[in-house]
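Good morning, and thank you for making time for this presentation.

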Protein chains: 2
Amino acid sequence: MSNQLYVLAEQLEQAIRTSSDFQQLKQAYEAVRRDETAYRLFTNFRNLQMRLHEKQMTGAEILPEEIEQAQKAMALTQQNEKLAQLMTLEQRMSMVLSDIQQITMKPLEELYRSFAE
Amino acid sequence: MSNQLYVLAEQLEQAIRTSSDFQQLKQAYEAVRRDETAYRLFTNFRNLQMRLHEKQMTGAEILPEEIEQAQKAMALTQQNEKLAQLMTLEQRMSMVLSDIQQITMKPLEELYRSFAE
Ligand SMILES: [Ca+2]
Ligand SMILES: [Ca+2]
């Protein structure tokens, strides 16, 4: 990668890190970490998600109880104020990163489109 | 997305577009487009790939003939000088974009890591 691209990518990384979206998300994570109940609900939900994801990837059978368990954990998570806030900020951050990704992919996409025409 | 992030992402996009890696890739695509044989081999290979990918995504059965066909198309593609060059440049460009992606994902990754600790 050229030095200019590297410098610009690093500037963008710093700007993401200091952005209000990222700082708010960081604070939301810290709030969850300080709250035993929220932390327990969150890690439980995340572990269930990861186990289901792993099963999907390896083609292992997902039991109806596991889906039910994940749905219950999701509902509990959404009812918790700190976690609901965390998930809202997660979504916002992931939209920002996806916008950035789309912008940086434009040259290649245009090239492919013009080739396919 | 904040204006600063947008401006930096656009600067990065311009830098990608004018980078020598991207310009060389663009020229390689133009060379393939001007060469009937290379163009035909390439579109044939790409169509086969897309059909197999679609089948994978929908869980449809992939026939042994189809795998064989794709392998033959791949071999023919690699034997063509212009296409071999195109694929080398494709790989280089995709490494650059993946490096950029990794750099911009660092803040979020660090946040997740510190939360999981
Ligand atoms: Ca507590
Ligand atoms: Ca020709």
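Is A:T77 buried or exposed? I shall come to that residue after a few words on the chain to which it belongs. What we have here is a predicted model, and the values I quote are computed from it.

Let me begin with the overall form of chain A. Its secondary structure consists of five helices and zero strands. Read from the N terminus, the order of elements is α-α-α-α-α. The C-alpha atoms of chain A occupy a box of roughly 50 × 35 × 20 Å along the principal axes. For chain A the radius of gyration is 19 Å, whereas a compact globule of 117 residues would have one near 13 Å. Of the 117 residues in chain A, 38% are buried. Among the contacts in chain A with a separation of 6 or more, 64% are between residues 24 or more positions apart.

I return now to the opening question. A:T77 is found in helix 4 of chain A. A:T77 counts as buried because its relative accessibility is 0%, and the cut-off for buried is under 20%. A polar atom of the A:T77 side chain lies 2.6 Å from the backbone oxygen of A:A73. Leaving aside residues up to four places away in sequence, A:T77 touches A:L41, A:F45, A:L83, A:A84 and A:M87.

Helix 4 of chain A, which spans residues 64-79, also holds A:Q79. Is A:Q79 buried or exposed? A:Q79 has a relative accessible area of 63% and is therefore exposed, since exposed means over 50%. A:Q79 and A:G59 are 20 residues apart along the chain, and 31 Å separates their C-alpha atoms.

I turn next to the open spaces, starting with the pockets. How much space lies in the largest pocket? The figure is about 250 Å³. The lining of the largest pocket draws on both chains: A:Y29, A:F42, A:F45, A:R46, A:Q49, A:M74, A:M87 and A:E90 belong to it, together with B:Y112 and B:A116. Two or more of these residues come from each of helix 3 (36-58) and helix 5 (81-116) of chain A, and from helix 5 (81-116) of chain B. Helix 3 of chain A makes the greatest contribution, with four residues. By class, the lining of the largest pocket has seven nonpolar residues, one polar and two charged. Two of its lining residues, A:F45 and A:M87, have already been named among the residues that A:T77 touches.

The second largest pocket has a volume of about 180 Å³. Chain A is represented in its lining by A:Y112, and chain B by B:Y29, B:F42, B:F45, B:R46, B:Q49, B:L86, B:M87, B:E90 and B:Q91. Helix 3 (36-58) and helix 5 of chain B each give at least two residues to this lining. Six of the lining residues of the second largest pocket are nonpolar, two are polar and two are charged.

Rolling a probe the size of a water molecule over the atoms shows where empty space is left. How many cavities of 30 Å³ or more are there? The count comes to two.

The largest cavity contains about 80 Å³ of space. Which residues line the largest cavity? From chain A they are A:L97, A:I100, A:Q101, A:T104 and A:M105, and from chain B they are B:L97, B:I100, B:Q101, B:T104 and B:M105. Helix 5 of chain A and helix 5 of chain B each supply at least two residues of that lining. The lining of the largest cavity comprises six nonpolar and four polar residues, with no charged residue.

The second largest cavity holds about 30 Å³, and its lining consists of B:L48, B:R51, B:L52, B:E66 and B:Q69. Helix 3 and helix 4 (64-79) of chain B are the elements that give two or more residues to this lining. Helix 3 of chain B provides the largest share, three residues. In the second largest cavity, two lining residues are nonpolar, one is polar and two are charged.

Thank you for your attention.

Key. Residues are numbered from 1 along each chain as its sequence is written. Chains are lettered from A and ligands numbered from 1 in the order in which they are written. This is a predicted model: local features need pLDDT of at least 70, side-chain atom pairs count only at pLDDT 80 or more; totals for chains, interfaces and linings use all residues. Side-chain values use heavy atoms; hydrogens and water are left out. On a 1 Å grid over the protein atoms alone, a cavity is a set of points where a 1.4 Å probe fits but cannot get out, and a pocket is an open set with protein on both sides within 12 Å along at least five of seven lines; lining residues have an atom within 4 Å of a point. Grid points are joined across faces, edges and corners, and a volume is the space filled by probe spheres set on the points. Ala, Val, Leu, Ile, Met, Phe, Trp, Tyr, Cys and Pro count as nonpolar, Asp, Glu, Lys and Arg as charged, and the others, Gly among them, as polar. Buried means under 20% relative accessible area, exposed over 50%, partly exposed in between (1.4 Å probe, protein chains only). A polar contact is a pair of N or O atoms within 3.5 Å; within protein, one must be able to donate a hydrogen and the other to accept it, and residues adjacent in sequence count only if both atoms are side-chain atoms. Contact means heavy atoms within 4.5 Å. The radius of gyration is taken over C-alpha atoms; the globule rule is 2.2 Å times the number of residues to the power 0.38.
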